[in-house]
Amino acid sequence: LAVLTGLPAALPALPLELTVLYNFLLFTVGASDSAIKGEAEGIRQGLLRVLEACGACGQDLGMEELWQKVLQEVTVEELQAPLHHLGALQAAWWLAAGRLGSVAGLFQLLSTAEEPGRSHCSEGQNELLSLIKAWRVPPEGASLPLVQSAKDLKEILCTAAAFLQGLQELEAGNFPTALSLLQEAAGGFCSKKILAQIYTCLGCCAQRMGKPQTALQHLKRALQVDFQCLPALSHAAAVYHELGETDVELQALTLLYEALGKIPPAAASSSPYFLMQTELLVHTPVLTSLLRHHHPSEVKYLLAQRCLQDGRVADAVEHYLDFLSLLQEGLKQQVPLDGSSALPRIPEVFLEAASALEQAGRHQDAITVCEEVISRTTDLIPRVLRVEDRLEQPECSSPGGELAGGLLSQKKESLCCLAWRAAGYLHQGWAWAKLGESKEAVTQFSRCLSDLLRLQLHGSAVKPPENLQAEVEVLQKIRLLTLIGRGTQFLEMGRHKEALLDFQYSLQISPGDPAAASYLVQALWKLNRKQEAAAQWQKLSQSSPGEDGQQRGQGRPLPLYLVSCLEQATFPHSEPLARSIQDYLRTASQDT
């Protein structure tokens with residue numbers, strides 16, 4: 001190529017020069033074995049050499065205009081085949097850059113040069129695919145062999161164009177169109193690796209269309225084609241979770257964790273003789289997102305979380321402890337921090353682990369894990385946290401907006417740290433209560449309430465600003481559960497007046513809460529304030545179960561680490577208490 005381009009451009013030598021250029025570019029692509037990026041400068045120089053030989057010039061033209069000029073003005077028969085071959089390579093570069101419109105325009109020019117005036121796209125067909133399919137591959141001359149035939153290149157272009165457009169439609173939410181294009185790609189010319197990726201995308205598309213069974217069929221097909229396509233296994237676990245099939249979901253996650261722990265064998269290419277392959281042309285952000293490989297620690301966490309949510313406490317404890325041991329291996333360096341990770345914040349994982357340990361009866365271990373959270377967050381919380389109703393997210397473009405946004409982010413982080421520390425004390429309180437240590441339990445609950453005094457709501461205390469509403473709601477829920485927890489321990493210790501105060505405060509935070517209201521009745525009864533207890537009991541009995549459920553589940557879903565505390569705060573049904581109150585009411589009625 002260097003020898004040829006070192007000579008003046010001449011028409012007799014151009015077919016050989018363009019063929020050598022075609023082969024050179026293909027070898028360059030094949031040797032790099034990485035996605036095609038940027039422009040193919042060699043193609044531009046080749047086209048300029050063609051114009052030079054024909055006595056024309058195009059130095060100032062862009063690539064699209066240059067191709068238009070060459071294909072419309074150069075009519076030498078011997079140059080048509082080499083130009084078409086080079087045009088197919090140009091299409092590959094543009095496809096890799098996502099310039100689908102440029103590819104369509106180029107094939108329109110190539111086809112028009114062959115058959116002027118012919119339409120290549122009928123109604124309902126994809127225009128780009130129709131244009132590529134309509135392109136007639138020029139015959140390959142025996143004297144000028146190609147290292148990859150233009151016919152094979154055309155098939156690869158068709159597959160890549162269908163795949164890319166399918167991904168675009170999937171991202172745009174046009175799922176039926178995406179499904180059709182991805183199915184077209186699956187029937188195309190590609191390696192097993194790409195075919196498995198296409199089936200994975202088909203599975204994701206079907207899942208988003210609300211067709212989980214169809215999604216599973218596509219994902220299973222992906223794994224049959226290439227078992228190293230682990231994202232398919234990850235998506236299958238997500239579909240099983242959506243279907244509520246926990247056993248199969250956990251099996252899929254376990255299989256995924258084991259597979260990620262093994263070093264996969266070097267994958268031999270199923271098409272080693274193709275220098276230009278579909279995988280070199282398709283590298284979009286949406287595909288990267290769909291095919292993201294989970295780190296083993298993320299899968300281990302998902303196993304722990306799903307087991308805890310499903311009440312498989314023993315398994316949850318095992319997985320959480322395994323995960324915590326992985327923290328010693330420098331987890332932050334191994335897991336992406338761009339928001340794509342399945343992992344929550346590390347203190348939340350510790351608190352979930354403590355919750356699992358509590359439910360498994362390992363109360364001392366739960367106390368130790370919570371102590372780690374408490375000690376690590378102590379220095380991160382200011383003495384006073386003011387939250388005002390006028391606090392809003394500032395516009396980034398406004399003067400000082402970036403600084404104000406930083407302050408808001410800092411306040412949100414402080415609220416999170418306060419919630420984690422308070423939740424640590426809350427869990428410790430319940431753990432000591434389960435151990436029968438009511439005095440120590442009261443101490444931990446009191447520390448939690450003392451910490452929560454740092455939060456000061458100003459203005460609309462009922463409804464905090466939208467930016468911080470989720471964090472404030474969690475803190476209020478922790479306050480409610482802590483007051484109920486401390487109140488129950490006061491009852492255990494016979495300190496009924498203090499218990500009554502805690503339950504009254506609980507109902508101020510969450511009016512109508514069934515647990516707080518039930519415990520309030522019990523405290524009043526033990527204080528021999530039977531008339532008040534009976535009135536509260538009647539009021540509670542008249543509230544419908546639906547209202548109770550609404551009170552307990554109001555607002556956003558609780559963080560997983562608080563669910564066990566909510567269950568422990570539930571008032572245990574007391575038949576003797578109910579019977580005593582009914583007897584009292586009956587006697588009072590008779591007296592009246």
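Buried means under 20% relative accessible area, exposed over 50%, and partly exposed in between, with a 1.4 Å probe and protein chains only. By that rule cysteine 307, with a relative accessible area of 2%, is buried. This is a predicted model, in which local features need pLDDT of at least 70 and side-chain atom pairs count only at pLDDT 80 or more, while totals for chains, interfaces and linings use all residues. Residues are numbered from 1 along each chain as its sequence is written, and side-chain values use heavy atoms, with hydrogens and water left out.

**Cysteines**

- A disulfide is a pair of cysteine sulfur atoms within 2.5 Å, and the search of the whole structure finds zero of them.
- Cysteine 416 has its closest cysteine sulfur in cysteine 417, at 6.9 Å, which is too far for a bond.
- With a relative accessible area of 18%, cysteine 416 is buried.

**Salt bridges**

- The count comes to 20 salt bridges, where a salt bridge is a side-chain nitrogen of Lys or Arg within 4 Å of a carboxyl oxygen of Asp or Glu.
- Glutamate 298 and arginine 292 form one of them, with the closest N and O atoms 2.9 Å apart, and both residues are buried.
- Aspartate 322 forms a salt bridge with lysine 300, the closest N and O atoms being 3.4 Å apart.
- This pair links distant parts of the chain, 22 residues apart: aspartate 322 is in helix H16 (residues 313-326) and lysine 300 in helix H15 (residues 296-309).
- Aspartate 322 counts as partly exposed at 31% relative accessibility, whereas lysine 300 counts as buried at 6%.
- Arginine 362 and aspartate 365 meet in a salt bridge of 2.9 Å, N to O; arginine 362 is partly exposed at 36% relative accessibility, and aspartate 365 is partly exposed at 34%.
- Salt bridges that share partners join Asp247, Asp310 and Arg312 into one network.

**Helices and the annotated repeat**

- Helices (H or I, at least four residues) and strands (E, at least two) are DSSP runs, numbered from the N terminus.
- Helix H10 (residues 192-208) has 17 residues and should span 24 Å at 1.5 Å a residue, which agrees with its end C-alpha atoms being 24 Å apart; the expected span is 1.5 Å times one less than the number of residues.
- In H10, 14 of the 17 residues are buried, so this helix is largely enclosed by the rest of the structure.
- Over residues 480-513 the chain is 79% helix and 0% strand, with the end C-alpha atoms 9 Å apart.

**Aromatic rings**

- Rings of Phe, Tyr and Trp (its six-membered ring) pair if their centres lie within 6.5 Å, with planes under 30 degrees apart stacked, over 60 edge-to-face and the rest tilted.
- The count comes to seven aromatic pairs.
- Tryptophan 430 and phenylalanine 445 form an edge-to-face pair, 5.6 Å centre to centre with 80° between the planes, and both are buried.
- Phenylalanine 503 and tyrosine 519 have ring centres 5.2 Å apart and planes at 15°, so the pair is stacked.
- Phenylalanine 503 lies in helix H23 (residues 496-509) and tyrosine 519 in helix H24 (residues 514-526), so the pair ties together parts 16 residues apart in sequence.
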